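Here is a friendly walk through one protein model. Keep the picture open while you read, and look up each part as we come to it.

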Amino acid sequence: MASRSDRPPSRPAAATIKDVAASAGVSIATVSAVLNGTPPVSPKRSKLVRDAIASLGYAPHGPARSLRSGKTKAIGIIVGDIANPFFTSLIRVVEQRASEAGYFVIVANSDDDMDKEINLLRLFREQRVAGILLAPAGDDEAYVSVLRSLIDVPVVLVDRQLPDAPFDTVVINNVKAAQMVTEYLVRLGHRRIAIVIGKQHLWTTTQRFDGYREGLRQARIDPDLGLECIADSRTDSAYRIVQKLLVMPNPPSAIFAANNLMMLGAIEAVIDMGYRCPDDVSIAGIDDLPWSSAIRPKLTTVSQPIDLLGAHALDMLLKRIRCEDNRGDLVKSRIMTLEPQFMIRDSCARGFMLSVPDD
């Protein structure tokens, strides 16, 4: 039998929140407030607590805290298409900012399918996320009613708005963005301006189509239904649609693609059919991402402030989470609308009638 002196030394007991409070000379409630970020603690007391935590090597037990609060330090984000570089960039901003605030992010892709989105929201509820960022896949009253019945944590809508929904929202001025593109093409002399828009049930689709129509109206150009084309917000659909546009008896001289992936599909179709951009067909769109200026011609497009979009959305969500944790009165939901910026590059030229290339 090993002697008592041969036994390995016992590990010291792990420091507790009570130990931290005693070392810092504050109450347990103050230590808890510093750890959770609510309610606010004075910088002096906060430093005392953090110094005590560092000195004692105290580590809060995550699962235990989750069981007590009913929530984890996770934030869920549901986007419409994770393959879209716009959403990829948005997720990067959110993840970085959430990490700085002590949260981690669970990413989910709805494919802009309402049923799939509802299932994801149920999953997030089971995972006890602290809050959710959502690019909603629906837009009607029944959809909003379902959301309200499912969601029991703070939610901020991002990129898309739901009329009369009781959620904070951060969006871009999409009507203005589309109007910028349309008015620019009109100024260049284009009169047959086609638009390739995304899924009809999405708020961004409606807003961008309204901006296109308003640009035509102000230029006193009658809408041509044959130039208003519906895609599914993706490259391959836009490619097929633009091919059909270019073989019309009276094809458009300019094409407005209402998101980044459809803009890429549009220019691929133009090139594959033997036309030149912008010499034969002008192309402009919405979403300024790295490849917009990397390909040739450099694409004329509206730039969305993705960094601001993600930062504001996450900050609004964290504020809601902290208010709820502190059982404080929540302010009325609000909508923040960010302004787009028009980037004029090389993919648009003066307007003229497009002729069919020789065989």
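The angle here is about 120 degrees, and the axes of helix α1 (residues 17-24) and helix α3 (residues 43-56) are 9 Å apart. Their crossing is right-handed. Bear in mind that the whole model is predicted.

Which residues meet where α1 and α3 pack? On the α1 side they are Asp-19, Val-20, Ser-23 and Ala-24, and on the α3 side Leu-48, Val-49, Ala-52, Ile-53 and Leu-56. Sorted by class, this contact holds seven nonpolar residues, one polar and one charged.

## Two helices side by side

Now turn to helix α6 (residues 114-126) and helix α7 (residues 141-150), which pack at an angle of about 15 degrees with axes 10 Å apart. That angle makes α6 roughly parallel to α7. The crossing of α6 past α7 is right-handed.

From α6, the residues in this contact are Met-114, Glu-117, Ile-118, Leu-121, Arg-122 and Arg-125. They meet Tyr-143, Val-146, Leu-147, Ser-149 and Leu-150 of α7. By class, the contact of α6 with α7 has seven nonpolar residues, one polar and three charged.

## The whole chain

Let's step back for a moment. The protein chain has 13 helices and 12 strands, and 50% of its 359 residues count as buried. Now look at contacts between residues with a separation of 6 or more: 72% of them join residues 24 or more positions apart.

## The nonpolar cores

In soluble globular proteins, nonpolar side chains tend to be buried together. The largest nonpolar core in this model has 47 residues. Val-181, Val-196, Val-242, Ile-255, Val-270 and Ile-283 have the most contacts inside it. Several elements each supply at least two of its residues, including the helices α8 (174-187), α9 (203-218), α10 (235-246) and α11 (260-272), and the strands β6 (193-197), β8 (254-257) and β9 (282-286). Helix α8 gives the most, with seven residues. Another core, of 29 residues, lies apart from this one, and Leu-90, Leu-133, Leu-289 and Ile-306 are among its members.

What does Val-270 touch, once its neighbours within four places in sequence are left aside? Val-270 is in contact with Val-242, Leu-246, Tyr-275, Arg-276, Cys-277, Val-281 and Ile-283.

Find Ile-321 in helix α13 (residues 306-325). Is Ile-321 buried or exposed? Ile-321 is buried, because its relative accessible area is 1% and the cut-off for buried is under 20%. Leaving out residues up to four places away in sequence, Ile-321 touches Ile-75, Tyr-103, Ala-130, Gly-131 and Pro-154. Its C-alpha atom is 9.0 Å from that of Val-155, although Ile-321 and Val-155 are 166 residues apart along the chain.

Ile-335 sits in strand β11 (residues 335-338). With a relative accessibility of 47%, Ile-335 counts as partly exposed. Leaving out residues up to four places away in sequence, Ile-335 touches Gln-161 and Thr-169. The C-alpha atoms of Ile-335 and Val-171 are 7.7 Å apart, and 164 residues separate the two along the chain.

Most residues other than glycine have a negative phi, and most peptide bonds are trans. With that in mind, look at some loops.

A cis peptide bond links Cys-277 to Pro-278, with omega about 10 degrees. Pro-278 is in the loop between α11 and β9. The bond from Arg-296 to Pro-297 is also cis, with omega near 0 degrees, and Pro-297 is in the loop between α12 (290-294) and β10 (300-303).

Asp-111 has a positive phi, near 55 degrees. This residue lies in the loop between β2 (104-109) and α6 and is partly exposed at 30% relative accessibility. Arg-128 also has a positive phi near 55 degrees. Look for Arg-128 in the loop between α6 and β3 (131-134); with a relative accessible area of 31%, Arg-128 is partly exposed.

Key. Residues are numbered from 1 along each chain as its sequence is written. This is a predicted model: local features need pLDDT of at least 70, side-chain atom pairs count only at pLDDT 80 or more; totals for chains, interfaces and linings use all residues. Side-chain values use heavy atoms; hydrogens and water are left out. A nonpolar core is a set of buried Ala, Val, Leu, Ile, Met, Phe, Trp, Tyr and Cys residues joined through side-chain atoms within 4.5 Å. Buried means under 20% relative accessible area, exposed over 50%, partly exposed in between (1.4 Å probe, protein chains only). Helices (H or I, at least four residues) and strands (E, at least two) are DSSP runs, numbered from the N terminus. Contact means heavy atoms within 4.5 Å. Axes are lines fitted to C-alpha atoms, for helices over the stretch in contact, and angles run from 0 to 180 degrees between N-to-C directions. Angles under 35 degrees count as roughly parallel, over 145 as roughly antiparallel, 65 to 115 as roughly perpendicular and the rest as oblique. A crossing is left-handed if the near helix is turned anticlockwise from the far one by less than a right angle, and right-handed if clockwise. Ala, Val, Leu, Ile, Met, Phe, Trp, Tyr, Cys and Pro count as nonpolar, Asp, Glu, Lys and Arg as charged, and the others, Gly among them, as polar.
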